[in-house]
Amino acid sequence: MRIWRPKAKPGSGPGDELPGPSAEAVAASPPDETRQAPEEPGGGRGGRLLRLAGWLAAITAAAVVAVWTVVETGPPTEAELLEQAGLSGRDRLLIGVKDDTPGIAIRKPDGGYEGFDIEIALMIAADLGFRKSEVEFLSIETEDRARMTARNVAGQHVKVDLVVATFSVTPERLKDPAIGFSAPYLETQQSVITRKGHPAITSLSQLRGKPVCTLGASTSEPPVRLAGAEVTPKNRISDCVAGLKDEQYEAVTTDTALMAGFVQNEPDLLEHHDIGLEASEQWAVNAGTNQALRTLVNLSLHRSVTDPQDRRWEDAYDKFIAPMQASNPAEQIASRVQPPVPEPDVRRWPWERGIPHRKAG
């Protein structure tokens with residue numbers, strides 16, 4: 001049994017201690033579990049409860065003010081962005097893609113699509129909350145990417161939610177209010193392919209006066225026109241390649257990653273040439289005027305490039321782009337590192353885990 005004694009004041013000696021209760025008082029005292037501790041100054045137990053209640057009220061009020069401030073003035077959450085983008089409750093996401101570029105985006109005989117762009121589109125769709133079965137791919141031509149209109153299986157023009165179709169970012173396109181580019185998801189460059197055995201082409205100037213095919217309304221058309229070639233623009237790069245094999249054209253020029261798959265499929269007929277252009281082609285997703293959706297796309301790309309556990313971009317590269325390199329030794333098809341993506345301004349609550357970042361290199 002412990003005997004309660006008041007503590008000596010600081011600095012007091014043994015002789016200054018207050019005397020404890022007598023032995024008789026101790027013997028007559030009730031057991032510990034029934035004996036009450038002496039009251040403390042300031043209201044005792046009741047005072048402590050009041051002070052505790054005061055602290056809890058202050059903390060609660062501060063929390064309410066903090067939450068209200070964040071809600072009223074902070075950036076939107078991911079759920080709010082989905083609502084703003086018009087995706088909440090949707091069971092179908094429409095994405096415009098190319099359908100004639102092997103390795104990048106091609107429509108298979110069974111009607112399905114495969115390629116690097118298809119994997120990137122599915123990655124983004126999954127982060128938006130759509131399963132693979134809820135994604136509908138529609139074929140889109142080069143000139144329709146800015147308008148975001150594609151064709152369905154019935155041949156009808158349909159407005160799509162996103163365009164993931166080898167769409168390069170340019171200063172002119174950035175000025176177009178109808179185009180809402182995401183951060184880039186792949187970096188490549190312009191090059192030339194010819195029939196096998198053609199003398200080496202190291203510059204577009206070597207194509208002066210020669211019949212050359214390229215994609216109309218693409219970034220590849222102005223440089224080859226400036227070089228003095230006789231340019232035939234097409235809506236589909238597969239039509240250019242078919243004309244090249246039929247000897248209608250001397251060469252075909254566009255993005256390296258677009259043409260590498262054709263060379264891979266027919267290495268005995270086609271050959272790739274590095275023309276030494278310094279400018280790079282950076283492909284991005286077009287979300288149009290839907291700014292909330294563009295932010296969500298950037299959030300998906302940011303997670304992909306920063307989260308060490310997220311290997312979806314690398315897996316897509318290894319599956320579709322890396323195998324092309326053996327058939328295209330003269331050209332680096334595309335950078336094997338995903339372009340950096342700044343973190344979008346999306347609100348996270350304090351208890352939400354942040355995105356882990358990869359180590360440099």
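What covers the buried residues of α10? The cover includes β4 (113-114), α4 (116-127), β9 (181-195) and α9 (291-306). The model described here is predicted. Its chain holds 10 helices and 14 strands, and buried residues make up 42% of its 361 residues. Of the contacts in the chain with a separation of 6 or more, 71% are between residues 24 or more positions apart.

- Helix α10 spans residues 312-321, and its buried residues are W313, E314, A316, Y317, F320 and I321.
- These residues lie on the same side of α10, because they cover an arc of only 160° around the axis.
- Two helices, α4 and α9, are included in what covers these buried residues, and α4 and α9 also pack with each other, at an angle of about 110° and with their axes 9 Å apart.
- That angle makes α4 roughly perpendicular to α9.
- On the α4 side of this contact are M123, I124 and D127, which meet V297, S300, L301 and S304 in α9.
- Sorted by class, the contact of α4 with α9 has 4 nonpolar, 2 polar and 1 charged residues.

**The sheet of β2, β3 and β4**

- An open sheet is formed by 3 strands in the order β2-β3-β4, with antiparallel pairing.
- Its edge strands are β2 (100-101) and β4, each of which pairs on one side only.
- Strand β3 (residues 105-107) is joined to β2 by 2 bridges in the antiparallel sense.
- The bridge partner of T101 is A105 in β3.
- Strand β4 of this sheet is also included in the cover over the buried residues of α10.

**Strand β1**

- Strand β1 is mostly covered, with 5 of its 5 residues buried.
- From β1, L93, I95 and V97 point one way, while L94 and G96 point the other way; all are buried.
- In a regular strand, side chains alternate between the two faces of the sheet.
- With strand β5 (residues 135-139), β1 pairs in the parallel sense over 5 bridges.
- In that pairing, G96 stands opposite L138 in β5.
- With β8, strand β1 (residues 93-97) runs parallel and is joined by 2 bridges.
- Here G96 has V163 in β8 as its bridge partner.

- Strand β8 (residues 162-168) is mostly covered: 7 of its 7 residues are buried.
- Besides its bridges to β1, β8 pairs with strand β14 (residues 280-286) in the antiparallel sense over 3 bridges.
- In β14, S168 has W283 as its bridge partner, and V163 has N286.
- Strand β14 is largely enclosed by the rest of the structure, because 5 of its 7 residues are buried.
- Strands β9 and β14 run antiparallel and are joined by 6 bridges.
- L186 stands opposite W283 in β14, and W283 is also the bridge partner of S168.
- Strand β9 is included in what covers the buried residues of α10.

- Most residues other than glycine have a negative phi.
- T166 is not a glycine, yet its phi is positive, at about 50°.
- The position of T166 is in strand β8.
- T166 counts as buried because its relative accessibility is 3%, under the 20% cut-off.
- E247, another residue other than glycine, has a positive phi near 65°.
- E247 sits in the loop between α7 (237-245) and β12 (251-255).
- With a relative accessible area of 61%, E247 is exposed, as the cut-off for that is over 50%.

Notes. Residues are numbered from 1 along each chain as its sequence is written. This is a predicted model: local features need pLDDT of at least 70, side-chain atom pairs count only at pLDDT 80 or more; totals for chains, interfaces and linings use all residues. Side-chain values use heavy atoms; hydrogens and water are left out. Buried means under 20% relative accessible area, exposed over 50%, partly exposed in between (1.4 Å probe, protein chains only). Helices (H or I, at least four residues) and strands (E, at least two) are DSSP runs, numbered from the N terminus. The arc is that of the directions from the helix axis to the C-beta atoms. Contact means heavy atoms within 4.5 Å. Axes are lines fitted to C-alpha atoms, for helices over the stretch in contact, and angles run from 0 to 180 degrees between N-to-C directions. Angles under 35 degrees count as roughly parallel, over 145 as roughly antiparallel, 65 to 115 as roughly perpendicular and the rest as oblique. Ala, Val, Leu, Ile, Met, Phe, Trp, Tyr, Cys and Pro count as nonpolar, Asp, Glu, Lys and Arg as charged, and the others, Gly among them, as polar. Two strands pair if DSSP finds at least two bridges between them.
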